[in-house]
Amino acid sequence: VITSGTYTITAGKKGIAANDTLAVAGGSLTITSGTDGIHAENSKDASQGNILIAGGSFDIVSGGDGISAGGTLTVIDGSLTIQAGGGSSTVSRSAKGGWTWGGKTADTSETGTSTKGLKAETLIEIQGGTITVDSADDAIHSNGDIRILGGEIVLATGDDGVHADGTLNIVEYMAWMLKEGQSHGSQPAEA
């Protein structure tokens, strides 16, 4: 649990990693990481690997995902600025209409590194706060559901603005700013 303080973290791999639950209620975190900026995952207990952000200021530049939860990711409040995978400018549109990452199109094999802004396995819930994401891959991505109940969100993305494999619910009005040519929405899980 982080409730206050100023932290500057430079890491070759993950900036902050937790096995069970990581909770942040305040403080100022500046993270530069080779892989995920903040990561929680528990391979032995699927109910763990959760991240709760109830406040604080985050400035994350990550080679992988900005914030990645193996369980749920909940943002109640706070100020989050995330650049993942070099940002949306590292992705270009090919002449055939596909996106390319370092010479690979989006419809080819995985690039090997996930470069999403906010990512969770089961649920992302945003209740408030200010979130700015510039990501090479999806800005907000859940393999399960996404619920957006409030907040101010600014997204620049090389792929989907908001992508839920399950259900996408946007309940409260907010400011949306997406990079030209991008979309937000839900896509069904592949069978």
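1. Let's start with threonine 74, which touches Ile51, Leu52, Ile53, Glu125 and Gln127, leaving aside residues up to four places away in sequence. Threonine 74 sits in strand β9, made of residues 72–75. Its relative accessible area in this predicted model is 16%, and because anything under 20% counts as buried, threonine 74 is classed as buried.

2. Six strands form an open sheet in the order β3-β6-β9-β15-β18-β21, and their pairing is parallel. The edges are held by β3 (21–24) and β21 (168–170); each has a single partner strand, so one side of each lacks a neighbour in the sheet. From one strand to the next, the twist averages 5°.

3. Strand β18, residues 145–148, runs parallel to β21 and is joined to it by three bridges.

4. On to strand β6, which covers residues 50–53 and contains asparagine 50. Is asparagine 50 buried or exposed? With a relative accessible area of 15%, asparagine 50 is buried. Setting aside residues up to four places away in sequence, asparagine 50 touches Asp20, Thr21, Leu22, Ala40, Gly71 and Thr72.

5. The loop between β5 (38–40) and β6 holds aspartate 45. Its relative accessibility is 30%, so aspartate 45 counts as partly exposed. The side chain of aspartate 45 makes a polar contact of 2.7 Å with the side chain of serine 47.

6. Threonine 81 belongs to strand β10, residues 79–84. At 37% relative accessibility, threonine 81 is partly exposed. Which residues does threonine 81 touch, not counting those up to four places away in sequence? They are Phe58, Asp59, Ile60 and Thr132. Aspartate 134 is 53 residues from threonine 81 along the chain, with 8.3 Å between the two C-alpha atoms.

7. Histidine 141 deserves a paragraph of its own. Strand β17, residues 140–142, is where histidine 141 is placed, and at 8% relative accessibility histidine 141 counts as buried. Beyond four places in sequence, histidine 141 touches Lys116, Leu118, Lys119, Ala120, Ile124, Ile146, His163 and Asp165. There is also a polar contact of 2.8 Å between the side chains of histidine 141 and aspartate 138. Glutamate 121, 20 residues from histidine 141 along the chain, has its C-alpha atom 8.6 Å from that of histidine 141.

8. Now for the protein as a whole. The protein has zero helices and 23 strands. Of its 191 residues, 44% are buried. The exposed surface comes to about 8900 Å², with carbon and sulfur atoms supplying 48% of it. Of the contacts between residues at least 6 apart in sequence, 39% join residues at least 24 apart.

9. Finally, a word on confidence. The average pLDDT of the protein is 85, and 80% of the residues score at least 70. Where does pLDDT stay under 50? One stretch is residues 99–110, for which the model has 26 contacts beyond four places in sequence. Another is residues 183–191, with 19 such contacts in the model. Where pLDDT is low, the predicted coordinates should not be read in detail.

Note on methods:
Residues numbered from 1 in each chain as written. Heavy atoms only, no water. Helix = DSSP H or I, 4+ residues; strand = E, 2+ residues; numbered from the N terminus. Buried < 20%, exposed > 50% of the residue type's maximum accessible area, 1.4 Å probe, protein only. Contact = heavy atoms within 4.5 Å. Areas by Shrake-Rupley, 256 points an atom, 1.4 Å probe, with all protein chains shown as cover. Pairing = 2+ DSSP bridges. Axes fitted to C-alpha atoms, helices over the stretch in contact; angles between N-to-C directions. pLDDT = per-residue confidence, 0-100. Polar contact = N/O pair within 3.5 Å; in protein donor to acceptor, adjacent residues only side chain to side chain.
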